[in-house]
Structures are given as structure tokens and as C-alpha cells.
Amino acid sequence: MPYALPLTPAPPRWSRLLARVSRAARDRHAPARERRLRVVGTPYGGDAPPTLTDLYAARRLDMVRLAVFLVDDLPTAEDVVQDAFAAVCRAYGTSLDGLQDPGAYLHTAVVNAARSVLRRRRTARAYAPPHPGSGAPVDEGLLLAEEHRHVLDALAELTRRQREVLVLRYWSELTEDQIARTLGLSRGTVKSTASRALDALEGKLRKRAEADR
């Protein structure tokens with residue numbers, strides 16, 4: 001279900017690219033999309049609450065893609081998502097008893113797991129020389145076309161909070177209130193962070209475009 005979050009001025013070209021990747025992913029996996037609508041709904045109404053297995057089947061692929069934008073590495077992103085599901089299981093068991101909004105909790109778990117990875121990565125880099133990366137994710141036809149690679153590279157240069165806010169907005173299509181709950185921020189902080197991050201990212205992409213001319 002798309003969520004509207006009006007921004008002024010209108011989102012720049014990079015955000016439309018990221019949104020287009022998100023739509024392509026959902027169109028490619030329509031059955032999973034239908035399951036996801038049932039899983040993330042809250043309150044549950046007349047439907048039985050989802051189990052951890054239901055949540056995994058419905059949301060794993062989306063969460064891996066989300067994690068890729070946060071850690072820029074597919075194998076690590078898959079580990080992040082596994083850690084997030086493990087955290088959900090530890091907190092609520094396989095039946096998810098007492099978990100009113102599985103989708104929101106899972107977003108928070110993925111963001112927290114990604115933060116842990118980035119902290120460990122910074123620590124490791126402080127004690128080891130730089131080394132080449134492991135290469136592009138295998139799903140590069142969907143995620144890493146050249147124009148999207150530029151967006152990912154520029155995202156990696158933002159602060160952690162700026163990157164999280166923009167990815168949750170344009171990839172996961174969360175509202176300001178949902179992002180605030182996921183990241184533990186105020187709605188005002190989310191809005192101001194998004195505004196500064198948009199300006200910063202647009203500037204970085206403009207410089208890259210000028211350098212490529």
C-alpha cells in the first residue's frame with residue numbers, strides 16, 4: 001500500500017529513480033505483494049495474526065532490498081535480514097503473540113541490525129587497510145543499473161540518519177509518522193532530516209554528473 005508524503009519542492013530525479021526500482025520489484029513479485037498486504041495490516045480485524053513463517057515468506061525479499069540500500073552489500077544485507085528475523089523470533093516467538101504491527105517491528109529490526117553492521121565495519125576499517133569490495137549484487141538487473149548505482153554510491157556518502165530516512169521514505173514508502181516510529185525520532189526531525197538529505201544528495205549527484213561530462 002503506497003503512502004503519500006508530500007514534499008516541497010518536488011522530489012528530484014534521484015528519488016524518482018529509487019521509487020521506480022521499488023515499483024519494479026513489487027510488480028515482479030505480485031503474489032508476495034498480496035501476502036504482504038495481509039501480513040502488515042494492523043489491527044488484524046477478522047484475519048488470524050500472521051506467524052513468523054508468514055512474515056518471512058511475505059517480507060524477506062523486500063527487507064533484503066531495503067538492507068542493500070543501508071549497507072551496500074548483498075551478502076551482508078542477507079545476514080542483516082536473518083539477524084532481524086532472529087530478533088523478532090526472540091522477542092515474540094514463532095507465533096508472534098502480542099506483536100500488533102509485524103511490518104513496523106521488522107523495519108525497526110532491520111534498521112537496527114544494519115546499524116550494528118556499519119558500526120563493526122567502521123571499527124574494522126580503523127584497524128585494516130582498505131580492500132576491494134565483493135562486487136555488485138547478483139540482482140543488478142533490478143537494483144544496480146548504472147543510474148541506480150550512482151544513487152547508491154551517493155547515498156553511501158550521506159550520514160547514517162539521512163540515508164535511513166530517505167531509504168525508508170522512497171524505498172519502503174513509509175510516512176513521516178511511520179519513519180519516526182521506526183527510527184525513534186520525532187516527526188519534525190524526520191522532516192528536517194529528509195529536507196537536508198535531499199539537498200545533500202542532489203548536490204552529490206550533480207557533481208557526479210558534471211564529472212562524467
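Predicted model: local features only at pLDDT ≥ 70, side-chain atom pairs only at ≥ 80, totals over all residues.
Start with helix 4. Its 19 residues should span 27 Å at 1.5 Å a residue. The end C-alpha atoms are 27 Å apart, which agrees with that expectation. Several residues of helix 4 are buried. They are Leu74, Thr76, Ala77, Val80, Val81, Ala84, Phe85 and Val88. Just after the helix comes Gly93, with a positive phi of about 75°.

Aromatic pairs come next. The structure holds 3 of them. One of these joins Tyr92 and Tyr105. A pair of aromatic rings is described by the distance of the centres and the angle of the planes. For Tyr92 and Tyr105 the centres are 5.2 Å apart and the planes stand at 90°. Planes over 60 degrees apart count as edge-to-face, so this pair falls in that class. Which parts of the chain does the pair tie together? Tyr92 lies in helix 4 (residues 74-92), and Tyr105 lies in helix 5 (residues 102-127). The pair therefore links parts that are 13 residues apart in sequence.

Which residues does His107 contact, leaving aside neighbours within four places in sequence? The list is Arg59, Met63, Leu66, Leu168, Ser172, Leu174 and Thr182. One further separation involves Ala67. His107 and Ala67 are 40 residues apart in sequence, yet their C-alpha atoms are 9.7 Å apart in space.

Now the charged pairs. The count comes to 5 salt bridges. One of them is formed by Arg115 and Glu164, whose closest N and O atoms are 2.9 Å apart. Arg115 lies in helix 5 and Glu164 in helix 8, so this bridge ties together parts that are 49 residues apart in sequence. Where do these two stand in terms of burial? Arg115 has 16% relative accessibility, which is under the 20% limit, so Arg115 counts as buried. Glu164 is buried too, at 4%.

A second bridge runs between Glu176 and Arg187, again with the closest N and O atoms 2.9 Å apart. Glu176 lies in helix 9 (residues 176-183) and Arg187 in helix 10 (residues 187-212), so this pair ties together parts that are 11 residues apart in sequence. Glu176 is buried, with a relative accessible area of 4%. Arg187 is partly exposed, at 43%.

Arg187 also meets the side chain of Asp177 in a salt bridge, at 3.2 Å from N to O. Asp177 lies in helix 9 and Arg187 in helix 10, so here the linked parts are 10 residues apart in sequence. Asp177 is partly exposed, with 36% relative accessibility. Shared partners also join salt bridges elsewhere: Arg115, Arg160 and Glu164 form one network.

Arg163 touches Phe69, Leu70, Leu118, Leu155, Ala156 and Leu158, with residues up to four places away in sequence left out. Arg163 and Leu201 are 38 residues apart in sequence and 9.5 Å apart in space, C-alpha to C-alpha.

Arg169 lies over the face of Tyr170. The distance from the ring centre is 5.1 Å.

Notes. Residues numbered from 1 in each chain as written. Heavy atoms only, no water. Phe/Tyr/Trp six-rings, centres within 6.5 Å; stacked < 30°, edge-to-face > 60°. Helix = DSSP H or I, 4+ residues; strand = E, 2+ residues; numbered from the N terminus. Lys NZ or Arg CZ within 6 Å of the ring centre and 35° of its normal. Expected span 1.5 Å × (residues − 1). Buried < 20%, exposed > 50% of the residue type's maximum accessible area, 1.4 Å probe, protein only. Contact = heavy atoms within 4.5 Å. Salt bridge = Lys/Arg side-chain N within 4 Å of Asp/Glu carboxyl O.
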